[in-house]
Amino acid sequence: MLDLPVSAAPLRALGPDRLPPRVVARLRHRPAGRAETALYLYSPAVAARAASDLRRHLPEWAELCFAVKANSFPPVLDALLAGTGPGTGPGTGTGLPGVDGFEVSSARELELATAAIARAGDPGRRPRLVASGPGKSETLLRTLLGTSGGRGSAGRAAGAVDVVNAESPLELRRLDACAARAGQRVAVALRVNPARVRLTGALRMGGRPTAFGIEEREVPAAVELARSLPGIELVGFHMHAVSGNLDALAHLDYVRWCLDFAVRQAGEAGFDLRVLDVGGGLGVPFEPDRRGERPFDLALFGDGLARLRPPAGVRVIFEPGRALVADCGWYAAEVTDVKRVHGEAFAVLRGGIHHFQLPTSWEIVHNFAVVPREEWPAGWPRPEVTGGPVTVVGELCTPEDTLARDVTVDRLRAGDVVVFPMAGAYGYEFAMHEFLGHPRAGRVVVDPTTATSHSTVNCPAPG
Ligand SMILES: Cc1ncc(COP(=O)(O)O)c(C=O)c1O
């Protein structure tokens, strides 16, 4: 049996100096009477910077749509949309734009994305909304088409997305029926599951048997079906195939392959290619120490993209999640107990996988730092681990509730706070909040106005 997460031994915990001072300041004390700490801390400024940074490396023909599933906290969505400048363009010297829109997979995500667009209140800008996800129900499709409401200020039906990425022939027919009933035509991209994907990453959705997309060899038939349905306007293809890839050149090859494939298919079928959605999948280095991971080389990627020549009029959509928000969040949980069982040390948190499930979901070591707290009831012995390995577990009644295994700490005491950096992507959103019914983690902003912090799990972070 594989115990997840995998053992981190002999990895040491991060020093508190690896956390931004604002995060530490927020956690250093718990005022008397206040509930135990179980909190996501977010820096929207870090997210804004990541969005602008990626945007500036993409060519003019590209669009950047943030995958809302990675982080749907409204201040983070606002920051991603705004970027580092107040709507000013590159070269003006006052800041850079953020994302061009959002990728959504549910009615709730659509609601959150449209609310962020409304808050931005920029009538001159029309952020793109793209919908993806396997197994879209008729109810969801109707919502994505906006067939229940009137017309929104941006010209599309209120709440409607611009493109629906269709996953199967049945979904095409269902979409067609919804559109026809509303007297509409819906712009559709077909999600392709390629025969082979030469990308490595933590998760692979394409190039192997998964429920995602239409198998490459069945694409011509799906194209023909789409073109025969009156409610469908086939605009292109969608190819989200991997998550967590750190190899910029391989990603460039992948985009090149997607482009060749899309142009060839559209040419053979004789339809006008307008959209190619190449998905997300850009990774972040969770484990530079243990696995020697290095950051995705955006400059190299951008240089390569600049040499690609999509046909005129084709918009290439990038829809990353993790790469834009991993760094902007920290998950912090107070240690309620420290104990030894069968010779091993455990720190038990006011938290766990019902707040932060990512570490148990794949074979990475998600390292943490300890923020020491001095408050402790007078006269009580304070259990601690010093100079040795500890396994950090949650408060749920299952051994699966383990966030880190065998990480060596200088000192970790009951009452201290354990902080996981790089928790901004698939953190709060990915957790199953209801198991056992403990209170959810709170969500707070640490830097409402300025860019202050940046961190990685196993690398030094500038303060
Ligand atoms: C359709 C789709 N697009 C984009 C993403 C974002 O992926 P990543 O966070 O790896 O960039 C996902 C993630 O699951 C997805 O399902």
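This is a predicted model: local features need pLDDT of at least 70, side-chain atom pairs count only at pLDDT 80 or more; totals for chains, interfaces and linings use all residues.
What distance separates the centres of domain 1 and domain 2, taken over C-alpha atoms? The centres are 34 Å apart.

## Domains

The domain assignment divides the chain into domain 1, made of residues 16-42 and 327-445, and domain 2, which covers residues 45-325. Where the domains meet, 15 residues of domain 1 and 18 residues of domain 2 take part in the contact. On the side of domain 1 that touches domain 2, nine residues are nonpolar, three are polar and three are charged.

Strand β6 spans residues 186-193. Seven of its eight residues are buried, so the strand is largely enclosed by the rest of the structure.

Strand β6 pairs with β5, β9 and β8, taken here in turn. Strand β5, residues 163-166, runs parallel to β6 and is joined to it by three bridges; within this pair, Asn165 stands opposite Ala189 of β6. Together with helix α6, residues 169-181, the strands β5 and β6 form a right-handed β-α-β unit. Strand β9, residues 232-238, is also parallel to β6, with six bridges between them. Here Arg191 has His238 of β9 as its bridge partner. Strand β8, residues 214-215, is joined to β6 by two bridges, again in a parallel arrangement, and Asn193 has Glu215 of β8 as its bridge partner.

## Helix α3

Helix α3 covers residues 74-82, and its buried residues are Val76, Leu77, Ala79, Leu80, Leu81 and Ala82. An α-helix has 3.6 residues a turn, so residues three or four places apart point the same way. The elements that cover the buried residues of α3 include the strands β1 (38-42) and β2 (62-67), together with the helices α2 (44-57), α4 (107-120) and α11 (322-325). After α3 comes Gly83, which has a positive phi near 65°.

## Surroundings of the ligand

The ligand is surrounded by 16 residues. The closest are Ser132, Ser243, Gly280, Gly321 and Arg322. Sorted by class, this shell holds five nonpolar, seven polar and four charged residues.

## Backbone features

Which two residues does a cis peptide bond join? The bond lies between Ala9 and Pro10, with omega at about 5°. Pro10 belongs to the segment before helix α1, which spans residues 21-27.

Met422 is buried, because 24 other C-beta atoms lie within 10 Å, and the cut-off for a buried residue is 20 or more. Tyr426 likewise is not a glycine, yet its phi is positive at about 55°. Is Tyr426 buried or exposed? Tyr426 is buried, with 22 other C-beta atoms within 10 Å.

Conventions:
Residues are numbered from 1 along each chain as its sequence is written. A residue is buried if 20 or more other C-beta atoms lie within 10 Å of its own, exposed if 12 or fewer, and partly exposed in between; C-beta atoms are placed from the backbone. Helices (H or I, at least four residues) and strands (E, at least two) are DSSP runs, numbered from the N terminus. Two strands pair if DSSP finds at least two bridges between them. A crossover is right-handed if, with the strands pointing away from the viewer, the path from the first strand over the helix to the second runs clockwise. A residue is near a molecule or strand if its C-beta atom, placed from the backbone, lies within 6 Å of it. Ala, Val, Leu, Ile, Met, Phe, Trp, Tyr, Cys and Pro count as nonpolar, Asp, Glu, Lys and Arg as charged, and the others, Gly among them, as polar. Two residues are in contact if their C-beta atoms, placed from the backbone, lie within 7 Å. Domain bounds come from an automatic or database domain assignment.
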